[in-house]
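Welcome! Take a moment to look over the sequence and the 3D view before reading on.

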Amino acid sequence: MRVLVTGGAGFIGTNLVRRLFESGHEAVVFDDFSTGLESNLSGLGVQVHCGHLADPVAVAASVRGVDAVVHLGARGSVPRSIAHPVSTHEVNATGTLNVLEAARAQGAYVVMSSSSSVYGANPLLPKVERTWTQPLSPYAASKLAGEGYMLGYQASYDMPTLVLRFFNVFGPWQRPDHDYAAVVPKWLWKTMTGQAIEVHGDGTQTRDFTYVDSVVDVLVSAVERRVSLDSPVNLAFGKRVSLLEVLTRMEALLGVSPEVRFAAPRVSDVRNSENDPTLLRSVFPSVEPMELDPALERTAVWLREHHLR
């Protein structure tokens with residue numbers, strides 16, 4: 001099977017491209033390298049289309065000849081979306097529309113990565129797919145718009161599509177060293193390099209962290225089976241943990257207690273997040289989570305090999 005991965009040089013995309021090759025599929029990458037790194041794909045012999053998701057011509061060229069599209073390309077980060085709302089919309093909403101139009105012409109299956117941030121102000125725990133959404137940031141709003149287009153194309157054109165809502169994914173190939181880096185790689189890297197850690201809020205806010213291998217398992221299964229649902233599927237396993245507990249686990253793993261500085265809570269930050277994995281387990285029954293401690297250890301090993309040399 002020939003599979004296009006948008007954002008294929010990014011964190012999840014790199015893991016997915018490697019797995020697709022291991023599974024005997026052909027992967028094609030579309031990326032603008034704004035956050036992903038071309039070096040992540042070195043030695044794989046993968047065909048790379050360099051372009052912007054807001055460019056429908058470039059997107060259509062990359063989709064030509066593929067059987068499926070895994071649409072991971074996005075302008076991530078809630079804080080970045082607050083600083084740059086228009087460009088966030090252009091990539092996440094208009095970009096998704098461009099992918100769908102190209103895939104419709106090609107007859108290709110599309111699976112899209114959305115985000116648990118779409119729940120926003122909804123306090124219900126655990127999160128259930130058919131409950132209400134109320135975005136608190138331009139990022140969350142743009143992801144919800146993308147979801148709407150995915151489900152709208154499925155209903156209007158009988159296109160096979162699937163929306164997956166990711167919850168705080170982490171693991172190897174996730175960069176720790178930029179302004180909008182995710183908390184797990186950033187804190188691991190700073191602890192390993194003797195830097196202070198900044199905690200926004202009091203640290204008791206909770207997240208349902210998901211190791212990247214489980215996400216890739218779901219994505220490959222979806223593509224191979226052309227899974228199509230008229231509802232998004234939350235991709236997390238109902239294992240909520242506080243940020244302070246994550247920090248404690250990191251300290252135990254590394255044998256280091258970093259300096260911790262508390263800062264004001266981030267604007268539009270969701271207080272608590274946890275998934276009800278009932279739908280996920282019914283659609284992808286063979287996929288299992290990795291426990292937090294071994295997942296942190298694997299991530300730390302990768303960081304030592306790639307960012308501490």
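## The second largest pocket

Let's begin with an open space in this predicted model. The second largest pocket has a lining of 16 residues. Nearest its centre lie Phe209, Lys239, Met290, Glu291 and Leu292, and the space in this second largest pocket comes to about 220 Å³.

Which elements supply at least two residues each of the lining? They are strand 10 (210-211), strand 12 (240-242) and helix 10 (292-307). Helix 10 gives the largest share, with three residues. Sorted by class, the lining of the second largest pocket holds nine nonpolar residues, six charged ones and one polar one.

## Where helix 6 meets helix 8

Next, find helix 6 (residues 183-192) and helix 8 (residues 243-254). Their axes come within 11 Å and cross at roughly 40 degrees. Angles from 65 to 115 degrees count as roughly perpendicular and those under 35 as roughly parallel, so helix 6 and helix 8 are oblique to each other. Their crossing is right-handed.

Which residues make this contact? On the side of helix 6, they are Val184, Trp187, Leu188, Thr191 and Met192. Helix 8 meets them with Leu243, Leu247, Met250, Leu253 and Leu254. By class, the residues of this contact are nine nonpolar and one polar, with no charged residue.

## The loop between strand 5 and helix 5

Now follow the chain to the loop that runs between strand 5 (109-115) and helix 5 (138-157), where proline 126 has its place. Is the peptide bond from leucine 125 to proline 126 cis or trans? That bond is cis, and its omega is near -5 degrees.

Threonine 131 is found in this loop too, between strand 5 and helix 5. Leaving aside residues up to four places away in sequence, threonine 131 touches Tyr119, Asn122 and Leu124.

For a last stop, look at the loop between strand 4 (68-71) and helix 3 (78-83), which is the place of serine 77.

Methods: Residues are numbered from 1 along each chain as its sequence is written. This is a predicted model: local features need pLDDT of at least 70, side-chain atom pairs count only at pLDDT 80 or more; totals for chains, interfaces and linings use all residues. Side-chain values use heavy atoms; hydrogens and water are left out. On a 1 Å grid over the protein atoms alone, a cavity is a set of points where a 1.4 Å probe fits but cannot get out, and a pocket is an open set with protein on both sides within 12 Å along at least five of seven lines; lining residues have an atom within 4 Å of a point. Grid points are joined across faces, edges and corners, and a volume is the space filled by probe spheres set on the points. Helices (H or I, at least four residues) and strands (E, at least two) are DSSP runs, numbered from the N terminus. Ala, Val, Leu, Ile, Met, Phe, Trp, Tyr, Cys and Pro count as nonpolar, Asp, Glu, Lys and Arg as charged, and the others, Gly among them, as polar. Axes are lines fitted to C-alpha atoms, for helices over the stretch in contact, and angles run from 0 to 180 degrees between N-to-C directions. Angles under 35 degrees count as roughly parallel, over 145 as roughly antiparallel, 65 to 115 as roughly perpendicular and the rest as oblique. A crossing is left-handed if the near helix is turned anticlockwise from the far one by less than a right angle, and right-handed if clockwise. Contact means heavy atoms within 4.5 Å.
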